[in-house]
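Let's take a walk through this one, strand by strand and then out to the helices and cores. Keep the viewer open as you read.

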Amino acid sequence: MLIFFSPNKTDLSSSYTELFRIQHCGDFSDWEKSKTIPSAFVIDSKDAQYVNTIVNKIRRDHLVFGFLCFVTEVQPSFDDQLLDGQLPEPSILKKKINDFEDLSQSFKNSETYITPQGRLIKYLWLRPEFVIQPQKDWQHSRYYRYSLLDALSEDTVDSFVWLRKLATAKILEPMILLDRQRECSHCRSSHLSFVDTCPNCSGIDIHLKPSLHCFTCGCVDAQDKFMQTGSLICPKCNTHLRHIGSDYDRPLENYQCQSCSHAFSEGEVLVRCAMCEKSMNPDELVINEIQNWRLSDRGRVIAFRGEVFDLSSGFDQLDFISKELFVHDLDWMIVLTRRYKNISFSLFGIYFANLNELVDEIGHTRVLQVLESFAQRLRNLLRTPDLSARTAENMLWLLLPNTDKQGLAGFHKRIENSMGQLLQESDQKLIFRFCSISSDQLSDKESAELLLARLSGGLL
Amino acid sequence: MESVIQNWFVFRVAVAQYDELQYVLMIIPFVLFLELPLYFVNWIGVLRHYYRKKVDTPVAPLYFPRVTCTITCYSEGKAVQNTVLSLLEQIYSGHIEIIAAVDGVKKNLPTYQALKELLPLVKNYANRSLVILPKVQRGGRVSSLNAGLSRAQGEIFFALDGDTSFDNQMVSSAIAHFWNPNTVAVTGPMRVRNATDTLATRLQELEYMLTMQVGKLGFTQLNAINNVPGAFGIFRKSFVQKIGGWNTGTAEDLDMTLRIKQYHVRHPGLKFVFEPNAVSHTDVPESFSGFLKQRLRWDGDLWYIYSTKHKSGISASMMGWNNFIFLLWYGVLFQIIMPFSIVIYTIYMAITIPIHIFILSMVLVYLFYFFLVLIQFSMYLLFLSDRKIEDCRAFLMLPIYPGFQFVARVWSAVAILNEMFNRGHLDSSMAPLWVLKKGKQ
């Protein structure tokens, strides 16, 4: 069924009526009375205000926000981020609706989709090629706005803040950098004005005052003082100044403040925000990068799996340090053992080969539980100075100081024991591999990066 | 005193022994009739100018039309900034529109960049504007001037070189002459900016003082200027537009001067003016080889212009007797025939008379020219120079200047021969060959 919005009663051509059932609505409130779920919406009007109002209401409705919405005639003033373009021929329309319904079925509905983020993922999932574009709007305080994000969040959050969250969660990924703008550090408005001020008293009443510097006597004064019957004569030494560069030049101080008479070469620029009326220096302004965005791979996984979860959160009990720090410390240990032969250390790697597949088989809650209990046991095995880091979702590294070859063998045995229990818990389906090396096995040219790469390469 | 008289007698006795001395004496009428009148014209011109300056009330008409300065730029690089800056600095209350035409801009990006750096500076000056005209296709000086002419909004058109800068009274003192509607072209002294660099530039500095300043002032008093130089010519725009702008080919400046002169019979009022206060400063070649290369082009172009382009234009019925006689005398006799006669005569003397007589006569010729130049330079320094102390340094060059003049004359003959047989005007850096070929051959 097509819901057909039109201010005046008009008929679609018979080719549509043959294929689809049509319901006419004058405006959105007409549809709200029945709340019929359509195959697609069609808006027939040239009035931008009418079209934009209806489509904004559709996108803000929790029931039908994601449905296809066409217009009979595309106009530049229409909000194309919210619309799906021109109403196609009936046969193509039929195909589009079918594709849409396929995608809709493959989409895993869950209660998370009552949130704006869920609605956004669904909207983008149903339109695989869709790119979230910013629009320029001089009436908007940020100048750029994302009308789709405004509609789906029902104007409850700032689009840029929301985008940052979505990017951090890796649900959206940026495509092209379109603009870089400076914004007020207080209210983030981009409606700024710049004014030159006196560096001495900060007054704005400054003016250009040409002055001269005589080469003969070094006199610097206003140009008017030099002018005598159509030529430049130095008021101090009476030299006739004929040629710039050889007789005289211009001092760099070109401006003079009317309030404090201070002469200067360049005024200080002050920024004033038109929205919050606060003043600031240009270097205090916040740089905002305007990009267009699309649904990331991770976003798509969420769309068809239905849940947002992070496998590695199972390891949260292990106090991981960052990879950079781990590499740095490992380098330091390598250098240390090379210099002092009585010092030793070992490096231990744990690789889980099939975490994602396991999720499909036994469910992600079970997997999380398994990993959590593994992490608990691993933590008991580690000593206080041992360091751990994660270089990938399924790759853990342990740096064990003061552990030689024998110590490493002991550690290996203990960790294998605890892995046996892990295997039982996961119905013997978890595939994991170990790699390890102790400091006396290291060659002279080894560095931390190389060592990690070499060891993890052996695991894959 | 006695010894001087004794020496003089020895000299006379020595001279009396040789009949060939008649050859030495032959040079005197040759020089007297050909050169001295030109020098006299110059001297009278300078004195007349000095007298007028002292006696006439200075007239400063309230006439400040919008003017256009077209700078033809090529590979000047940063040096072009001096030119533009010196124009921005002019003490002139009218509007000065500066058009900088960069020829072959792709090759000459540093020049273009240097000009662009100046754009923010222009707003500091009232009544000044700078238009940069990047010309992708190289068309030569003439095409740059014509491009400037077609865009010019000013009444008076300044045709200037990218390596020439100007005193800050240049525009105002030149413009005053255009108050007279008959004035069509004005030029002024050209001083050598890089004079102290080498011996070659010092000699050229002296030459510019004597020919570009004393010479031009004298000729202009007769309303018979030899040439309005290409690096510094000021024209009434409407007139230049009416006669079709600059013409293809080399020596476009001499071509323009001759074309204006050809209106003299029809419009007897037409006036050329030399304004001593409109001072320009230009760079000259720093080496002797550079100097010779430049003169090869300049002197060769004379023959090209006189013999080809203006063959039929040089007539009394076109330019009037005044200009016709001047052109025959100065242009043909002095600039074309003299170099050859000097060369032939010197060789003839070297072969036919004994070597010591030859040397003696050469010494005489040298002394003659030395005193001639001394007088000319003293007059310049006393009555014309606007930087007297600075110009005194040229005194040092006076003893070797006659030798320099001689070399330049001989070279002039070479240049003319090169043009006659080798068509040297096609080998010019002023425009690409395909443009030069379009000129009248």
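Start in chain A, where strand S18 (residues 268-273) and S19(A) pair in the antiparallel sense over two bridges. Strands here are DSSP E runs of at least two residues, helices are H or I runs of at least four, and both are numbered from the N terminus; two strands pair if DSSP finds at least two bridges between them. Within that pairing, Arg272(A) sits opposite Ser279(A) of S19(A).

Before going further, some housekeeping: this is a predicted model, with local features needing pLDDT of at least 70 and side-chain atom pairs counting only at pLDDT 80 or more, while totals for chains, interfaces and linings use all residues. Residues are numbered from 1 along each chain as its sequence is written, and chains are lettered from A and ligands numbered from 1 in the order in which they are written.

Back to the sheet. S18(A) belongs to an open, antiparallel sheet of three strands in the order S8-S18-S19. Strand S8 (192-197) and strand S19 (279-280) of chain A are at the edges with a single partner strand each, so each has one side without a neighbour in the sheet.

Chain A has another open sheet of three strands, ordered S11-S10-S15 and paired antiparallel. Here the edges are S11 (220-222) and S15 (248-249) of chain A; each has a single partner strand, so one side of each lacks a neighbour in the sheet. Strand S10 (residues 211-214) of chain A is joined to S11(A) by three bridges, and His213(A) has Val220(A) as its bridge partner there.

For parallel pairing, go to strand S1 (residues 2-5) of chain A. S1(A) pairs in the parallel sense with strand S3 (residues 40-43) over four bridges, and also with strand S2 (residues 22-25) over four bridges. Phe4(A) takes part on both sides: it stands opposite Val42(A) in S3(A), and its bridge partner in S2(A) is His24(A). Leu2(A) and Phe4(A) point one way from S1(A), Ile3(A) and Phe5(A) point the other way, and all are buried. Buried means 20 or more other C-beta atoms within 10 Å of a residue's own, exposed means 12 or fewer, and partly exposed is in between, with C-beta atoms placed from the backbone.

Now for chain B, which has 16 helices and 10 strands. Of its 441 residues, 41% are buried. Helix H13 (residues 355-384) of chain B has 30 residues and reaches 42 Å from first C-alpha to last, close to the expected 44 Å (1.5 Å times one less than the number of residues). Its buried residues include Val373(B), Phe377(B) and Tyr380(B). Over in helix H15 (residues 401-422) of chain B you'll find Asn418(B), which counts as partly exposed because it has 18 C-beta neighbours inside 10 Å.

What about the hydrophobic packing? A nonpolar core is a set of buried Ala, Val, Leu, Ile, Met, Phe, Trp, Tyr and Cys residues joined through C-beta atoms within 7 Å. The largest has 88 residues, and Ala100(B) is one of those touching the most other members. Helix H8 (residues 199-221) of chain B gives the most to this core, with eight residues. A second, separate core of 43 residues includes Trp125(A) and Leu149(A).
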